[in-house]
Amino acid sequence: MTSFDSSNISPLHLNAEPLSMQDLNGQLKAHLKARNFELPSICFTKMDQAFVIWGLLSVVIFSFAQFSTLSWTTQAWIDGALTGVGLLTTSGLTWKLASIEGLRWVIYLWAALTGVGMFLTVYGIFCGVAAILSNLCLLWLGLCTLGYGAMAIGMRSHSFTAACAFHLISINALNHPHSWQFLTSGIVMALPLFFFSVVPWDMQNAEHDIPC
């Protein structure tokens, strides 16, 4: 359930075909079953899978920062490795689609923002820069705000405009440090990603819809 052209909006479609873990187009299908009845299948395109991966990584990395007793330097190495794996995996998943849609700049954009974020994070940790360490959550939420804002403009998307506003509001809400700042930031970053993985988002200049 990736994008749809906002000039031709269609209702949400849930795939009801039999379970198939991975079809030829790289779509992942989840077949849900309750005790006495079956729910419709939900298919995840490669783009949807990329959203899910980044959502999970956001929760894991920021939960790790919230609850782990490991040193900041050790966490920096682990977070850097996870981020690198996320970039390589999601870029591989979305590169073909982005090329077809003329959206490879989106991959470059997020790679650049993530790279800047990791550089500043590592610099702050290893060099003991208090101004960075005390504002890590605001830094990453700010980078996400920039990313969604650029996508909103470049893709003329109301969905990504809303995501940008959501992160901007969260920055204001987290402007004063509190004990659950890292966990809250991870959830804030993950929620729109999970949302976009299951709900169609608009892209007014789209030429190719991605059917499930």
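This is a predicted model: local features need pLDDT of at least 70, side-chain atom pairs count only at pLDDT 80 or more; totals for chains, interfaces and linings use all residues.

Helices H6 and H7 are roughly antiparallel to each other, because an angle over 145 degrees is counted in that way, and the angle at which these two helices pack is about 165 degrees, with their axes 10 Å apart. The crossing of H6 and H7 is right-handed. On the side of H6, the residues that take part are Ser 159, Phe 160, Ala 163, Phe 166, His 167 and Ser 170, and they meet Val 188, Met 189, Leu 191, Pro 192 and Phe 196 of H7. Sorted by class, this contact of H6 with H7 comprises eight nonpolar and three polar residues, with no charged residues.

H6 also packs against H5, and here the helices involved span residues 158–173 and 136–155 respectively, with an angle of about 160 degrees and axes 8 Å apart. H5 and H6 are therefore roughly antiparallel to each other, and their crossing is left-handed. H5 contributes Leu 138, Leu 141, Gly 142, Cys 144, Thr 145, Tyr 148, Gly 149, Met 151, Ala 152 and Met 155 to the contact, while H6 contributes Phe 160, Thr 161, Ala 163, Cys 164, His 167, Leu 168, Ser 170 and Ile 171. The residues of this contact of H5 with H6 fall into 12 nonpolar and six polar, and none of them is charged.

The contact of H2 with H3 has 12 nonpolar and seven polar residues, together with two charged residues.

What are the residues with the most contacts inside the largest nonpolar core? They are Tyr 148, Met 155, Phe 160 and Trp 201, in a core of 38 residues. At least two residues of this core come from each of the helices H1 (46–67), H2 (72–101), H3 (104–126), H5, H6 and H7 (181–198), and H5 gives the most, with 12 residues.

Val 59, found in helix H1, is partly exposed, with a relative accessible area of 30%. Leaving aside residues up to four places away in sequence, Val 59 touches Gly 186 and Ala 190, and the C-alpha atoms of Val 59 and Ser 185, which lie 126 residues apart along the chain, are separated by 8.5 Å. Leu 56 likewise has its place in helix H1 and counts as partly exposed, at 49% relative accessibility.

Of the 212 residues in the protein chain, 43% are buried. Among contacts between residues at least 6 apart in sequence, 68% join residues at least 24 apart.

Conventions:
Residues are numbered from 1 along each chain as its sequence is written. Side-chain values use heavy atoms; hydrogens and water are left out. Axes are lines fitted to C-alpha atoms, for helices over the stretch in contact, and angles run from 0 to 180 degrees between N-to-C directions. Helices (H or I, at least four residues) and strands (E, at least two) are DSSP runs, numbered from the N terminus. Angles under 35 degrees count as roughly parallel, over 145 as roughly antiparallel, 65 to 115 as roughly perpendicular and the rest as oblique. A crossing is left-handed if the near helix is turned anticlockwise from the far one by less than a right angle, and right-handed if clockwise. Contact means heavy atoms within 4.5 Å. Ala, Val, Leu, Ile, Met, Phe, Trp, Tyr, Cys and Pro count as nonpolar, Asp, Glu, Lys and Arg as charged, and the others, Gly among them, as polar. A nonpolar core is a set of buried Ala, Val, Leu, Ile, Met, Phe, Trp, Tyr and Cys residues joined through side-chain atoms within 4.5 Å. Buried means under 20% relative accessible area, exposed over 50%, partly exposed in between (1.4 Å probe, protein chains only).
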